[in-house]
Amino acid sequence: MAAELLNGERGNIVKGLNEANIKLLVDILFNQKVINQFEKEAIMETHGRADKARALVDMTYAKGERVSELMITLLKDVDPVLFNGIFLKADSMDGSPVFNMR
């Protein structure tokens, strides 16, 4: 579910992430050994903020469900305003969040 959700909201995440938060997310993922040095450099050497964000989202999505869930959770910590704007959209019927945080 998290991978599907991350991929489905890719455009909104790419639009909303700023350069500082991209760097912070990459550093956290590297420090937690989710991405390696080559992957970190590949993201950070990409030209343009949106392309960096796209590379980050695509890389975490490609790593599967667990990493996608981690990425969404990290996004909540690093950029709560962006997270709330994307993932806490109220369901039209009951007001429940789109992403259920454990």
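**Entry 1**

I started at Asp51, which is partly exposed at 39% relative accessibility; partly exposed lies between buried, under 20% relative accessible area, and exposed, over 50% (1.4 Å probe, protein chains only). The model is a predicted one, where local features need pLDDT of at least 70, side-chain atom pairs count only at pLDDT 80 or more, and totals for chains, interfaces and linings use all residues. Residues are numbered from 1 along each chain as its sequence is written, and side-chain values use heavy atoms, with hydrogens and water left out.

Which residue forms a salt bridge with Asp51? I found Arg54, with the closest N and O atoms 2.4 Å apart. I counted a salt bridge when a side-chain nitrogen of Lys or Arg lies within 4 Å of a carboxyl oxygen of Asp or Glu.

Next I noted a network: Lys23, Asp27 and Lys40 are joined by salt bridges that share partners. In one of these, Asp27 meets Lys40 at 3.4 Å, N to O. That pair links helix 3 to helix 4, 13 residues apart in the chain. Are Asp27 and Lys40 buried or exposed? Both are buried.

I then looked up Glu19, which bridges to Lys52 with the closest N and O atoms 3.2 Å apart. Glu19 belongs to helix 3 (residues 19–31) and Lys52 to helix 5, 33 residues apart. Glu19 is partly exposed at 34%, whereas Lys52 is buried at 10%. My search of the whole structure gave six salt bridges.

**Entry 1: helix 4 against helix 5**

I checked how helix 4 (residues 37–44) packs on helix 5 (residues 49–62): the angle is about 150 degrees and the axes are 8 Å apart. Axes here are lines fitted to C-alpha atoms over the stretch in contact, and angles run from 0 to 180 degrees between N-to-C directions. Glu39, Ile43 and Met44 of helix 4 touch Lys52, Ala55, Leu56 and Met59 of helix 5, a contact being heavy atoms within 4.5 Å.

**Entry 2: the whole chain**

Finally I stepped back and looked up the fold, which has seven helices and zero strands. Helices are DSSP runs of H or I, at least four residues, and strands are runs of E, at least two, numbered from the N terminus. Of the 102 residues, 38% count as buried.
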